[in-house]
Amino acid sequence: MDIVSYSRMPMPQQQQSLHTLQKIVRETPDFSTAEAQGQLIRLPTGDGMALVFFGDPESPVRCAVQIATALRQHPEVPMRMGIHTGPVYRVEDINANRNVAGGGINMAQRVMDCGDGGHILLSKAAADVLHQIGRWHDKLHPLGEAQVKHGVRLQIVNLYDTEVGNPKLPSKLRKAKVRRAGKHSALIFGALLLVASATLTYILTHRRQLASDLTNIGRVQARRSIAVLGFQNLTGRPDAAWLSTALSQMLTTELAAGEKLRTVPGEDVARMKIDLGLPDASSLNRATLLKVGKAVDADLVVLGSYVALSGGQLRLDVRLQDVISGDTVAQDGETGTETNLFDLVSKAGGLLRRSCGISDVTGVEAAGVKASLPSNSEATRLYAEGLAKLRAFDALGARDLLQKAIDADPNYALAHSALGAAWSALGYDEKAREEAKNAFDLSGNLSREDKLLVEARYRETSKEWSTAGETYRTLYGFFPDNLDYGLGLARVQAREGNLEDASKTLDRLRTLPAPLKDDPRIDLEAARTQKSIGHFKQARDLAAAATQKARAKDSKLLLARARYLEGLALKSLGQPHEAILAAQEAQHLYEQAGDRNGVASGWEVIGSAHDDQGDFKGALHAYQQELAIVRAVGNERAVASALNNLAFVLDELGEETEVKRSYDEAIATFRKIGDKENMSPTLLNLGGVLAAEGEFESAKQKYEQALALAREVGSQNNVALSLGAIGSVQSEQADFDPAIQSFTQALTIALESGNKYVAINQMLYLADVYIHRGDLKSAKGKFEDAQALAKDMDNKSASAEALAGLGGIAFAGGDLAGARRLYEQALDLRKQDGEKKKIASSQVDLAAVMLEQGQAAEAESAVRAAVRDLKDQEAEDEAATQIILLRSLIAQGKNGEALRLLAGLQKFAKGQNRNVQVAFAIAAAQVKAANGQVPAAIGELKSAMLSAEKYGMAGSRLEASLYLGRAQLQAGNKDQARALLAQTAKEAAAQGFGLIAHKAAAPSS
C-alpha cells in the first residue's frame, strides 16, 4: 500500500499522514491476529508499507477492507492497495531482520501501481482464491488485462462495494485500453497486501542476486524421496494395463501433498525402467532396489499389483520398500472400483503416508490432490494411456489419446499440459503454447508445486524467458532438493541469452550435496549452453564428463544424450571419425530404449561428419535415413531440419533443382508448425544457394526475411547470422560501406551474446571487405583478432582461415617468405581437420607464392591438382584459382593455352559479383596482351580501373594500373607508361601493397 502523491505533500503532512496510516494498520484485527501467530512480515517502504501474510488466504483482503473502512475518517490520507497471492521467500537481511523476496512481492507492487486513490486492486490469482468463498463474489469486479512493468500482462480485479473501495476505472487502465479479462491461475502460498510505489530496493536487489547466485543452495535439506514404480496387472486383461500408469500417477500426487516427501516424477521413473529393463512387479530384491535407488535418487519405492474381483471390484495391493535395506516397510490391500479410483488411492495413500512418518492429507491438500486428477473414469483412462505413450517416445499416439482425454474432461489442466508436451515433441510450437496456456488458465486449484510447474512450462513454451526464470527460481526456492527446477532455471537463462547467469546457476548446482551435485544432467545442460555459443571444446569436455557420470549411474538414456552431444562437439572440432563413433553409440542406446527421434538425431551427426570429410554420398544416405525416421514418427520440426540437411548435401552433389525443392519444403514445414526461429537459418541457406548462382537480389530478399523473423522471435544468434549474410551480398556487389556496417553490427551482437563462433566469421568477413577497399592495416587487425579468438576456442578451421588471411596480407605487402610460412601453417591445420576443399584452397595460395618466386610450372601443377577438389566453389574463390592458373600459363609462354582457357571462363565477366568482374577483367587483359591483342588489353584495363575507382576497390585499381602501364610499354607508349608505373609504385607503397609497388618499380624496357 502507499499514500498517493506522497512526494508532493509538504513535509509535515507527509509525517502526519504516515503516522495516521501506521496507527490504523496496527489497530486492524487481522494485522494483530496474524502478527501474534507469527504469520505476518511487515516492511516499511517510506510512503507506505508491505504486509506479507502466511496462512489464511482471506487475511490480507480482510485487513485491506478494515484499513479502507478506517480511512474513511481520514480523507487527507489518499491510499491505494494491491493484493496478490504468489511466491515469496522468507529471508533475513544484513541486520538479521525478517524480510521477504521473490516474484510474489514484485507482482503485488505491480498490481497496486495500476490503482488510484481509494482503489483495492487484486491480481486474478488472488481473486480466484476469493471466488471459492461465497461472501466475496459481489465485491469482485474484473477490469481486464493490463500490461505492467517489463511487459508483464496482469488481469486486474477491483474490490469494492457501497462501503469501501473505488468503483472508478483506474486511470492507468484507461490509458492502456485494457483487454477483455480471461482466465488466470491462482498461487496460494504467500498472500501479499500492498507494496509501496517507491521500489523496495533491498528486496529487488536480493531477488536479482538470487537469480544468478542461488545463494541459499548450500543449505539444502533434502526430504526423503519416494518413487512409485507401477503395479503389476493381474487382471488377465491387456486393456487394463492403463491402470498401472493411472494408479502410479494418483499415488504420486497423494504422497506429494503437503510437500513433506520428494516424489520422483513419473517420467523419471519411466526412464529408469527403460534403462534397467524393469517390468512392473509386486516386489523387488535388494540388489534391484539399490539399482533403482541409485538411478532415480529414491529412498523408498512403492510397487504392487492389481486384480479384478467379481462385481466390478478392483483389488490394489501396495508394498512400500526401503531401497537401502530392501525391507518391506508396509504393505496393504484395498478394494474399490475402476470408476472411483480416487477413494481407492486415498486409502492406500493414507497407509503409505503414515508408514513414511508424515500426517494424513488435510482437507485443503485433498482438494489440491483431487484437482490434479481427471473428473471421470474415461478421462482418467485416456490420460493414463496418453502419458504412457508419451513416456515411451510415441508423441503421435500420445497426442491423439490426450486430445480425447481433454474431450472427456475439458477442464483438466494436467491433460492440457501433457498435450502441450506432445505437440512440442512433434515440433508444433504454437499448438504446444496454446495447450500450455490452457493448462495455466485451468491450474488454479492444483497444488502449489503443480501450479508453478504448469506456469513454468507455459512461460517457457511462450518464450517468456524472464518470467519462466522467475517461476523456476521460485520452484527451486521452495523445493531445493529437486534438481529439475534448478536445471530449468539454467535452461531458460541460457535461452534468454543470460549465459553468465546460466553458468553461475549450474556452478551452484555443482555445490549441492551428493548425489545431486554428481547428476550428469548438470554437465549436459552446460554442454548444450557451450555448444549454442560455439564453445565446442568446452561442450565436448562437459559432454564427456556427463558420459562418464551416466555410465557410472548406468543411465542409458542420459548416456545416449551425452554421447550425442559429444558427437556434435567433436564434429565441430574437426574430428569426424570420433564424432561418428559417438553418434553410433548414442543411436544404439536410443534404439534399445525405443526412442526413434534419438536414432534420427544420431544420423544427423553422422551425415554432417561425412559431409565435412567430403563424403557427400555417405552424408546423403545418413540424411535420408534421418528423414525417413522423423516422417514416420510425425516429428515435423525434425522433418524440416532433415530437409534442410538434405538440401545442403544435394547442393554439394550439384543437384540444383532438388536443392531448392528441399529448402522450399523445409521452409514450408517450419511455417506450418510456427517455428520461426528455425525458419530463419533455413532461409539463410536458401539465400546462400541463390547468391552462389549470382541471384544477389533474390538472395538478399531471403536474408532480409530471415533477419525479420530472427528479430521477431528475439534470436540474437540468427540476427547476427542474417546481418552477416546481408553483408556478404553487399560486399559481392561492392557496396563496401553498407557491408562493413552489416558485418560490424553482426560482430557486436555475436560478442555481446557470447557466440564466439559467429563472431570469428564476422571478423573474417570484415577483413575481406577491408582488403577489397585497400585497407590492409584494418584487414590485418581483424584477421589477428579472429586468429586469437579461434586459438582460444581451439577452432582449427577458423584459425586456418585467419592464418590464410594473414598470409594474403603478407603476400600483398611483398613478404613472400612470410606469406609462404603463414599459408603452410594454415595448410597444416586444414590437414588436421581433413577438409579437402580447404586443403586445396591452401595449395592454391601456395601456388600464388611459387608463381611470384619464378616457379611457374610448379604453380601450374599445384593449381591443377587443387582444382579437382575445388568443385562448386564460391564464385570469388573459383575466379581467384583460375586467375592464378592463367598467369602461370602466361609465365611459361603457354599463351595460346591461356587464351583457350580464358574462353571457357566468361561466366566470371557476366556474373553479378563486382569483385570477380574486375579481377577477371584484369586477368583477361593480361592474357590478351600476352597473345598480342594489346589495344584490346589496354581498353579492358582502363575499364577495370574505372570500375575499381567507382566501387572503391583500391587494391584492384592499383593492380589494373600496374598491368595497364605494362601494356602501354608493350604498345610503345613509353613515357606515358613510365609515368603511370611510377605513380602506381608510389601509391602502392604508401598503401602497403608492396608486391605491386615492387613490380611497378622494376626495370622495364
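**View 1. Arg448 sits over the ring of Phe478.** In this predicted model, Arg448 lies over the face of Phe478, at 3.9 Å from the ring centre. Phe478 also belongs to an aromatic cluster.

**View 2. Lys370 sits over the ring of Phe342.** Here the charged residue is a lysine. Lys370 lies over the face of Phe342, and the distance to the ring centre is 4.8 Å.

**View 3. Phe536 and Tyr757 form an aromatic pair.** The whole structure holds seven aromatic pairs, according to the search. In the pair shown, the ring centres are 5.3 Å apart and the planes meet at 80°, so the geometry is edge-to-face. Planes over 60 degrees apart count as edge-to-face. Phe536 lies in helix H22 (residues 536–553) and Tyr757 in helix H33 (residues 756–773), so the contact ties together parts that are 221 residues apart in sequence. Tyr757 is partly exposed, at 39%.

**View 4. Strand E7 pairs with strand E4.** E4 spans residues 79–85, and E7 spans residues 120–123. The two strands run in the parallel sense and share three bridges. Met81 stands opposite Ile120 in E7.

**View 5. Side chains of strand E7 point two ways.** Which residues of E7 point the same way as Ile120? Leu122 does. Leu121 and Ser123 point the other way. All four of these residues are buried.

Technical notes. Residues numbered from 1 in each chain as written. Predicted model: local features only at pLDDT ≥ 70, side-chain atom pairs only at ≥ 80, totals over all residues. Heavy atoms only, no water. Phe/Tyr/Trp six-rings, centres within 6.5 Å; stacked < 30°, edge-to-face > 60°. Helix = DSSP H or I, 4+ residues; strand = E, 2+ residues; numbered from the N terminus. Buried < 20%, exposed > 50% of the residue type's maximum accessible area, 1.4 Å probe, protein only. Lys NZ or Arg CZ within 6 Å of the ring centre and 35° of its normal. Pairing = 2+ DSSP bridges.
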